[in-house]
Amino acid sequence: MAPYSLLKPLLFALPAETAHRLAMGALAVGCRVPGVLAMLRRAYGWEHPSLRIRVWNREFSNPVGLAAGFDKDGVALAPLLALGFGFAEAGTVTPRPQAGNPRPRLFRLPGEEALINRMGFNNAGAAALAGRLRRFRAAFPAEIVGVNLGKNLDTPLEEAAGDYISAYRAVAGLADYLVVNVSSPNTPGLRGLQTRAALVEILEALSADLIDFPPTQKQYPGTIDAPPLLVKVSPDLDQAGLREIAAAALEAGCDGLIATNTTLGRDGLNDPRGEATSHDEAGGLSGQPLHQKALETVASLRRFSEGKLTLIGVGGIASAGQAYRFIRAGASLVQLYSGLVYQGPGLVRRIKIGLAERLERDGFSSLREAVGADVPL
Ligand SMILES: Cc1cc2nc3c(=O)[nH]c(=O)nc-3n(C[C@H](O)[C@H](O)[C@H](O)COP(=O)(O)O)c2cc1C
């Protein structure tokens with residue numbers, strides 16, 4: 001397996017989105033070659049009993065997941081999971097396919113190990129994702145895959161609930177959990193749905209629909225009951241906003257929160273070695289400059305929900321120490337995107353080894369015991 005240090009300069013010589021597409025294409029095609037998935041698992045796999053965690057009645061082999069947006073259309077879930085992730089999140093998917101914003105729309109800030117993106121929910125639509133997920137499920141029934149749902153750009157905000165429901169119906173029975181994405185900064189007005197009233201309306205409409213669409217247990221043994229419903233949160237909310245989100249999630253019987261999406265803030269961008277113009281690009285910022293903000297958001301959400309909601313922590317995780325901080329702040333699971341771009345696929349294994357070492361060092365026999373250790377209730 002070529003080390004990422006050799007591959008990275010080649011990928012970084014290309015525009016960021018081209019490099020991403022190329023890497024995804026190589027994974028998607030490569031994994032059809034017999035033996036490649038097994039080779040990836042051998043090269044990158046590493047599991048430890050202390051990292052297992054049961055969440056929403058599902059057994060995660062480890063808490064490190066692939067964040068939404070990396071594989072929006074579910075084209076390379078099998079090889080990505082073979083890199084050692086405990087779960088992956090497909091999407092954001094919208095009911096109808098859409099092109100997203102004009103390119104370029106993804107920018108690297110190498111000095112800060114950050115990205116700015118304004119993709120705008122480019123995706124092939126919910127029906128296309130459902131087709132891929134169906135094939136994936138048939139081949140890999142035990143893998144845990146969530147689906148992140150969004151609304152089409154041209155759907156009025158007042159009708160957003162209808163879009164989340166349509167997207168959900170298309171993937172009904174195929175997702176281990178569902179995420180209502182109201183936190184992308186790249187769909188105008190979307191973040192306005194993070195008020196308590198708007199969120200409760202969407203969540204209640206969706207929950208009612210989940211009951212109407214019973215589980216398809218026989219077809220998809222990996223999906224055992226109505227999927228848990230989560231909300232993905234912005235890092236740009238103040239404490240009052242976060243309190244509202246937690247209250248809305250509890251009121252609507254939501255199962256968890258993902259914190260956070262990318263930020264519109266530009267704190268922490270100070271390295272002049274970054275690509276000359278990238279710092280000024282519009283869009284959501286991810287990677288290292290987001291880490292502290294996302295971490296604090298998780299801690300706040302734990303407090304405001306009094307530990308009653310399961311939290312997934314995401315934002316600038318590029319080391320075991322950073323993943324561990326999220327867990328101690330209250331996250332049961334973590335996800336990453338930008339870290340993978342800068343550190344390469346070996347990062348997942350390094351995080352897992354480092355997490356197991358830290359649990360042992362701190363006297364925790366399981367991950368569950370460490371969840372929220374730094375934010376007592
Ligand atoms: C290019 C790109 C596209 C993304 N697309 C989505 C998306 O479609 N839906 C979503 O919920 N989050 C999306 N995200 C946000 C990530 O899932 C994650 O929340 C954010 O990048 C913070 O994690 P990181 O610092 O590890 O990258 C995207 C991020 C990037 C960089």
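Predicted model: local features only at pLDDT ≥ 70, side-chain atom pairs only at ≥ 80, totals over all residues.
**Entry 1, a helix to begin with.** I started at helix α10 (residues 320-329), which lies across β3 (64-66), β12 (310-314) and β13 (331-336) and runs at about 145° to β13. For that angle, axes are lines fitted to C-alpha atoms, for helices over the stretch in contact, and angles run from 0 to 180 degrees between N-to-C directions. Contact here means that the C-beta atoms of two residues, placed from the backbone, lie within 7 Å. The names come from DSSP runs numbered from the N terminus: helices are H or I with at least four residues, strands are E with at least two.

Residues are numbered from 1 along each chain as its sequence is written.

I looked up the secondary structure and found 13 helices and 13 strands in the protein chain. Along its principal axes, the C-alpha trace spans about 50 × 45 × 45 Å. A compact globule with 377 residues would have a radius of gyration near 21 Å, and the 19 Å of the protein chain agrees with that. The radius is taken over C-alpha atoms, and the globule rule is 2.2 Å times the number of residues to the power 0.38. Of the contacts in the protein chain with a separation of 6 or more, 75% are between residues 24 or more positions apart.

Next I followed a closed barrel of eight strands, β3-β4-β7-β8-β9-β10-β12-β13, with parallel pairing. Neighbouring strands of this sheet are turned by 30° against each other on average, direction ignored. Two strands pair if DSSP finds at least two bridges between them. I then went along part of the barrel:

- Strand β4 (residues 87-93) runs parallel to β7 and is joined to it by five bridges; Gly91 has Asn148 in β7 as its bridge partner.
- β7 pairs with strand β8 (residues 177-181) in the parallel sense over four bridges; Gly146 has Tyr177 in β8 as its bridge partner.
- β8 is joined to strand β9 (residues 229-233) by four bridges, also running parallel; Asn181 has Lys232 in β9 as its bridge partner.

**Entry 5, a closer look at β7.** Are the residues of β7 buried or exposed? In β7 (residues 145-149), five of its five residues are buried. A residue is buried if 20 or more other C-beta atoms, placed from the backbone, lie within 10 Å of its own. Val145, Val147 and Leu149 point one way, Gly146 and Asn148 the other.

β6 and β11 share four bridges, and Ile116 stands opposite Leu285 in β11.

Last, I checked the ligand, which 26 residues surround; the closest are Ala67, Gly69, Ser286, Tyr337 and Ser338. By class, the shell has 10 nonpolar, 14 polar and two charged residues. Ala, Val, Leu, Ile, Met, Phe, Trp, Tyr, Cys and Pro count as nonpolar, Asp, Glu, Lys and Arg as charged, and the others, Gly among them, as polar.

Terms used. Near = placed C-beta within 6 Å. Buried ≥ 20, exposed ≤ 12 C-beta atoms within 10 Å, placed from the backbone.
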